[in-house]
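My notes are below, in the order I looked things up.

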Amino acid sequence: MNYYLEGVLKWPFRARHSFGFGIHSPYGFSFITGVLRDASSGYYAYDELGEVASRHGRSEREARGLYRVLLHLRGEFGCPAELSSEGSSESMGEARSFLSEIAALAIPEQEPERLPLLLADSFKGEAEGAAEVVRERLAGKGGAFLLTGVNRSREGRRLRRLLLENPPAGIVFDGWHSMLVVARRGLPSQVFQVLFPR
C-alpha cells in the first residue's frame with residue numbers, strides 16, 4: 001500500500017489506540033497513556049530540546065515526545081549498549097542526528113551498559129540488512145529499537161515495512177513517522193498503531 005495513503009486510512013485506528021482504547025496489554029497501555037500522551041510533565045531539558053528541534057527543522061513537540069520515550073527506555077533497560085546509529089552513519093542514520101542529540105540529553109554517558117538500545121533517525125542504509133540486525137539484537141537479551149523520521153527517506157519506509165511484515169519478538173508501536181520496538185521477557189508479540197507526538 002502507498003505509504004501516504006496508508007497514513008490517511010489508518011489514522012482513525014492510530015488516534016483510537018493513542019488514547020489507550022483497544023490496548024489490552026498492560027505494558028502497552030501504560031506506555032501509551034503515561035509516556036506518549038503525557039504532555040503535562042515538564043522536564044529539565046525541555047528548553048534545550050527546543051533548540052535541537054529548530055536546528056533540525058523538526059517540531060519541539062516531537063522532540064519532547066522522543067525525549068520522554070528515551071527516558072522511559074532508560075528506566076526500563078538502563079543505558080544503551082550502543083548510543084549510536086548502529087555503529088556507523090551509513091547503516092542506521094546520520095552521524096549527529098536529531099535523535100542522537102535528544103538521546104545525549106536523556107541518557108548520561110556514565111551510566112552502566114545493560115541492554116541494547118538501537119537508534120535510527122532518517123534511515124538511509126540498506127533496509128533488509130538493518131531489519132535482520134534489529135531482529136537478531138532484540139531476540140537475544142531484549143532491548144529496544146527506535147526509528148524516527150520514517151517519512152524522510154524511502155529506505156526508512158522500507159525498513160518500517162519489513163519490520164511490520166515480520167516483526168521482532170516484543171511489542172511494536174508503529175506511529176507511521178516513528179516506530180518503537182520493545183523486546184523483553186514476558187512481552188507478547190503485538191503491533192499497535194499509535195500516533196507519536198509530531
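**Entry 1: layout.** I am working from a predicted model, so I kept that in mind throughout. I counted elements to get started: the protein chain has 8 helices and 5 strands. Reading along the sequence, I get the pattern α-α-α-α-α-α-β-α-β-α-β-β-β. Of the 198 residues, 53% count as buried. I also checked contacts between residues at least 6 apart in sequence, and 71% of these join residues at least 24 apart.

**Entry 2: the largest core.** Which residues touch the most other members of the largest nonpolar core? I found Val69, Leu70, Ile102, Phe173 and Leu180, out of 37 residues in that core. At least two residues each come from α2 (26–36), α3 (46–56), α4, α6, β1, β2 (143–148), β3 (171–174) and β4 (179–183). The largest share is from α4, with 8 residues.

I then picked Val69 and listed its neighbours, skipping residues up to four places away in sequence. Val69 touches Phe31, Val35, Leu36, Leu146, Leu180 and Phe196. I noted another core lying apart from the largest one. This other core has 18 residues, including Ala120, Val134, Leu138 and Leu147.

**Entry 3: α4 against α6.** To describe two packed helices, I need the angle between their axes and the distance between the axes. Helix α4 (residues 60–77) and helix α6 (residues 98–106) pack at about 50°, and their axes are 9 Å apart. That angle makes α4 oblique to α6. The crossing of the two helices is right-handed.

Next I wrote down who meets whom. From α4 I have Glu62, Ala63, Leu66, Tyr67, Leu70, Leu71 and Arg74. They meet Phe98, Leu99, Ile102, Ala103, Leu105 and Ala106 in α6. By type, the residues of this contact split into 11 nonpolar, no polar and 2 charged. Two names here were already on my core list: Leu70 and Ile102 are among the residues that touch the most other core members.

**Entry 4: Ser122.** Most residues other than glycine have a negative phi. Where does Ser122 lie? I traced it to the loop between β1 (117–121) and α7 (127–139). Is Ser122 buried or exposed? Its relative accessibility is 4%, and the cut-off for buried is under 20%, so I put Ser122 down as buried.

Methods
Residues are numbered from 1 along each chain as its sequence is written. This is a predicted model: local features need pLDDT of at least 70, side-chain atom pairs count only at pLDDT 80 or more; totals for chains, interfaces and linings use all residues. Side-chain values use heavy atoms; hydrogens and water are left out. Axes are lines fitted to C-alpha atoms, for helices over the stretch in contact, and angles run from 0 to 180 degrees between N-to-C directions. Helices (H or I, at least four residues) and strands (E, at least two) are DSSP runs, numbered from the N terminus. Angles under 35 degrees count as roughly parallel, over 145 as roughly antiparallel, 65 to 115 as roughly perpendicular and the rest as oblique. A crossing is left-handed if the near helix is turned anticlockwise from the far one by less than a right angle, and right-handed if clockwise. Contact means heavy atoms within 4.5 Å. Ala, Val, Leu, Ile, Met, Phe, Trp, Tyr, Cys and Pro count as nonpolar, Asp, Glu, Lys and Arg as charged, and the others, Gly among them, as polar. Buried means under 20% relative accessible area, exposed over 50%, partly exposed in between (1.4 Å probe, protein chains only). A nonpolar core is a set of buried Ala, Val, Leu, Ile, Met, Phe, Trp, Tyr and Cys residues joined through side-chain atoms within 4.5 Å.
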